[in-house]
Amino acid sequence: MESLLSDDLLRQLMAAGQVDVVVGVPTLNNASTVGAVVHEVHLAFTGPFKRDRTVLINFDAGSEDNTPDLVRRASLVESETLVAPEAFRTVHRISSPYHGRPGKGGTLRALFAAAELLDAKAVALFDPDVTSLRADWVARLVRPVYRDGFDYVAPAFTRHPTEGPLVTQLARPLVRAAYGHRMLEPLSSEFACSLRFASHCLAQDVWSSPFLSYGVDIWLATTALAGGFRCGEAVLGPRVQAPSAERPGLPELFRQVVGALFTCLEMHQSYWLGREGSQPLARLSDGPLWNPEGTALDPAPLTESFRSGIRDLRPVLERILEADTLAEAERVAAVEGSAPDFGDALWTQTLTQFAAAHHREVMHRDHLIRALVPLYLGRTAAFLSENAGREAAAVEERLEALNLEFEKHKPQFVRRWKAEQGS
Amino acid sequence: MAEIFLDILRETWANYASAARAFLPRILAMLSIVLVGWLLALLLGFLTRKVLGWIRVERLSERTGTSELLKRADLPPANHLAGTVVFWLVFVGFLLSGLDALGFQGVEGLFSDFVRFIPRLIVGVFILLAGLLVANFAWRACLLAGVNAHLSGSRLLAGGVRILIMVLAAAMALDQIGIARGVVLTAFAMSFGAVMLAVAIAFGIAGAGLARRLVEDQLAGKEKKPPSDGMSHL
C-alpha cells in the first residue's frame, strides 16, 4: 500500500503521525480558486474540529500555475487580522506531487492509502474549483462520519429543479430505481467517508480500470449503497464551480458520467437486480433543497440537436432501441413545435434500453453512450419547456413523478437486462 | 481389302478397350476423391460453423457491425458464411485433385496452383474483413462526433469515410489475391487521387477563410472551446 505514496509524502505523513480527520484536495492548475478552498478547510479545522487532529493533503497532478505553492501558503490571516481561532492541535498541510495513474481515481486511491496510514477516523474530499465551499461544508460532511458512525456522507446541493439535468433526469432516477436508495447527488465530487469504507474501496480490484480515472465519484457513491454501508446526505447549499477551459464539453462529459454509471450497474448487478422500491437516505443536516430562482433556458437549440440526431443516427439507434421505442422517438421528433413531447415513459424506456444494450455490448460502448446524447437533449428540452415559469415546488413534483416512473419500470428493465444477459 | 478394314477396326477397338480399361479406374478414383472431398468439406464446414458459434463470433460480428453489412448484402450470418467458405475451399480443392487424377494434359497443375492460391485468398479475405470492420467503426465514430458537434452533413461525411476505407481495403485485398493487379492499382490510384484533388480544390475555394482561421488560431495558441448550449448539465 505504501508504494502508492511517494517517499517524500510518506515522510510528511509520518511526521503528521496519527490523525482524526483527513481532507483531500486534488489539484491541477487551480491557482485562481484553490487558496479560498484551502482557507475554508482550515477555518473548519480551527473551528468545529479544533480539538481534533486534522490534516489537509493536496495531491497536485503537475500544475504549471503555482497551485502547490498557493496551497502551502494559504493563510488564515486576512489584512493582518487573524480570522480563525488557533486550533488546539497542530494543523498539518501537506502538498505532494502526484505521479500515479492519471485521473481522479488514482488520486483518491492515494488519499485513501494515506488515510489508512494515518489511521484517520474520517476522510473527505473537496474539489479545488468550487467557489461556494464554506467551512461548514466540511463540518456537515465529516461530523456524521466522525461522531455518528456513518460510513459515507454525500452532499445535497441547493439548486433549482431545472438545473443539472444530467443529475435530475438521468443519474438520480436511474440510481434510485436500480439501487433502491434516494440519493440526490450521486455524481457529486464532494463526500466524506469512514476509514472502514476507504479500506473496503482500497481492497476492490478496480483501480486499474480506465473508467475510474473519470468515474470515481459515481463508483464511490454506488459502492457505498451496494456494499450495505451506513449512508446519509448533508444539505450544503448551492454549489458554484469556477469556469474552466479544461472542463470537457457535453459529449465527453456525457461519455464519462454515463459510461461510469452504466459500468457501475454492471459491477453491482448482483446487488440491484433483486431489489424493489426505494428508501430515502438519512438527512443529516437541515437546509433548503431547492432554490426558487432558476435560470431561464431556451429549449430550442436542444430540440434542434434532438431532431437532427434522431434523423442522422437512425442506423445506430436501431441497433440499441427496440423498434416501438425508436418509432415513438421518431414520432416525437417529427412533431413541429418549440420542444418535443418527450414524456417520462418514453425517457425511461429509452434510458433503460441503452443501459441494457451497454450491458450486452451491442457496439463499442463509447459509441453507444454518445448516441444517447441527442435523446438526452430532447428529453431535457421537453422538461425545460414543460416546466418553464413553474414554481420550484411544482417542478420538484414533476421530478418525483419521473423517479416513480423509473421505479415502476424496474421489473421490465430487469427482465430486459437478464434476457440480454442470456443471449 | 475387307480383311485389312477388319484388322484396322479390330485394332482400333482393342486400343479403345485398352484405353477404357486404363481410364475407368481413374474415373473411379476421381469420383471417390470428389465424394470423400464432399464429405470432408461438409464436415469441416459444419465444424467451422459450430466452433464459431461456440466462441460467439456472431456476437462479435453484431458488435462490430459486420452482421448488419452481411444482412444488407443478403448474406447469411458470419459463422454460416465462414462455414460455407470453408466447404467450398475444401470441396474445390478435392475436385481439382480429382481432375488431376484423370491425367488429362493441361489440368495436371490445377490442384497445386489452387493450393498455392489458398493462402493468398485467405489473407485477402482477412484484409477485406478487417477493412469492413475498420470502415464501420470509423463511420460510426465520425457520424456520432459530427452529430454531437452539430455539424450539418454528418451522414455524408461519415458515409464518405466508410466508402473510402472500404475501397482501400478492397484494393488491398485484390492486390493480395493477385487478380488484375495492374488494373486494380491503377484504378485505385486514379480514383483516390481524383477524390483527394476534388476535396482539396473544394476546400481551397470554399473553406479558405476557415483554413486561415484554423492556422492562425493554431499559431496563436488559442484553445478551441467545445460547442456549448449555455447550460450546466451537472
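In the predicted model, buried residues account for 53% of the 423 residues of chain A. Chain A is built from 16 helices and twelve strands. Its radius of gyration is 22 Å, in agreement with the value near 22 Å that a compact globule of 423 residues would have. Taken along the principal axes, the C-alpha atoms of chain A fill a box of roughly 65 × 45 × 40 Å. Of the contacts in chain A between residues at least 6 apart in sequence, 87% join residues that are at least 24 apart.

Chain B gives another picture. Buried residues make up 17% of its 234 residues. Chain B contains eight helices and zero strands, so that its elements, read from the N terminus, run α-α-α-α-α-α-α-α. The globule rule gives 17 Å for 234 residues, whereas the radius of gyration of chain B is 30 Å, well over that figure; chain B is therefore more spread out than a compact globule. The C-alpha trace of chain B spans about 110 × 45 × 25 Å along its principal axes. Among contacts in chain B with a separation of 6 or more, 63% are between residues 24 or more positions apart.

The largest nonpolar core comprises 146 residues, and the members that touch the most others are A:V22, A:A114, A:V123 and A:A124. Helix α15 of chain A, residues 365-387, supplies the largest share of this core, with twelve residues. When residues up to four places away in sequence are not counted, A:A124 touches A:V23, A:V138, A:L141, A:V142, A:F191 and A:A192.

Helix packing in chain A is illustrated by one pair. Two packed helices are described by the angle between their axes and the distance between the axes. For helix α8 (residues 212-226) and helix α9 (residues 250-267) of chain A, the angle is about 35° and the axes are 8 Å apart. The crossing of α8(A) with α9(A) is right-handed. On the side of α8(A), the contact is formed by A:Y214, A:G215, A:I218, A:W219 and A:T222, and on the side of α9(A) by A:Q256, A:G259, A:A260, A:L261, A:T263 and A:C264. Six nonpolar, five polar and no charged residues take part in the contact of α8(A) with α9(A).

One of the residues from α8(A) in this contact is A:T222. A:T222 has 26 C-beta neighbours inside 10 Å and therefore counts as buried, the cut-off for burial being 20 or more. Apart from neighbours within four places in sequence, A:T222 is in contact with A:V175, A:Y179, A:P186, A:C264 and A:H268. A:T222 and A:S3 are 219 residues apart along the chain, and their C-alpha atoms are separated by 27 Å. From α9(A), A:G259 also belongs to the helix contact. A:L302 is located in helix α11 of chain A, residues 300-312, and is classed as buried because 27 C-beta neighbours lie inside 10 Å.

Two residues of chain A stand out by their backbone angles. Most residues other than glycine have a negative phi, and most peptide bonds are trans. A:D119, which is not a glycine, has a positive phi of about 55°. A:D119 sits in the loop between α4 (104-118) and β6 (122-125) of chain A and is exposed, with 12 other C-beta atoms within 10 Å. The phi of A:E361, likewise a residue other than glycine, is positive and near 55°. A:E361 occupies the loop between α14 (344-360) and α15 of chain A. With 15 other C-beta atoms within 10 Å, A:E361 is partly exposed.

The contact between the chains involves 30 residues of chain A and 23 residues of chain B. On the side of chain B that touches chain A, the elements giving two or more residues are α2 (57-64), α5 (110-148) and α6 (154-177) of chain B. The most comes from α5(B), which gives seven residues to this side. By class, the residues on the side of chain B that touches chain A are nine nonpolar, seven polar and seven charged.

Terms used: Residues numbered from 1 in each chain as written. Chains lettered and ligands numbered in written order. Predicted model: local features only at pLDDT ≥ 70, side-chain atom pairs only at ≥ 80, totals over all residues. Helix = DSSP H or I, 4+ residues; strand = E, 2+ residues; numbered from the N terminus. Rg over C-alpha atoms; globule rule 2.2 N^0.38 Å. Contact = placed C-beta atoms within 7 Å. Core = buried A, V, L, I, M, F, W, Y, C linked by C-beta atoms within 7 Å. Axes fitted to C-alpha atoms, helices over the stretch in contact; angles between N-to-C directions. Left-handed = near helix turned anticlockwise from the far one by under 90°. Nonpolar A, V, L, I, M, F, W, Y, C, P; charged D, E, K, R; others polar.
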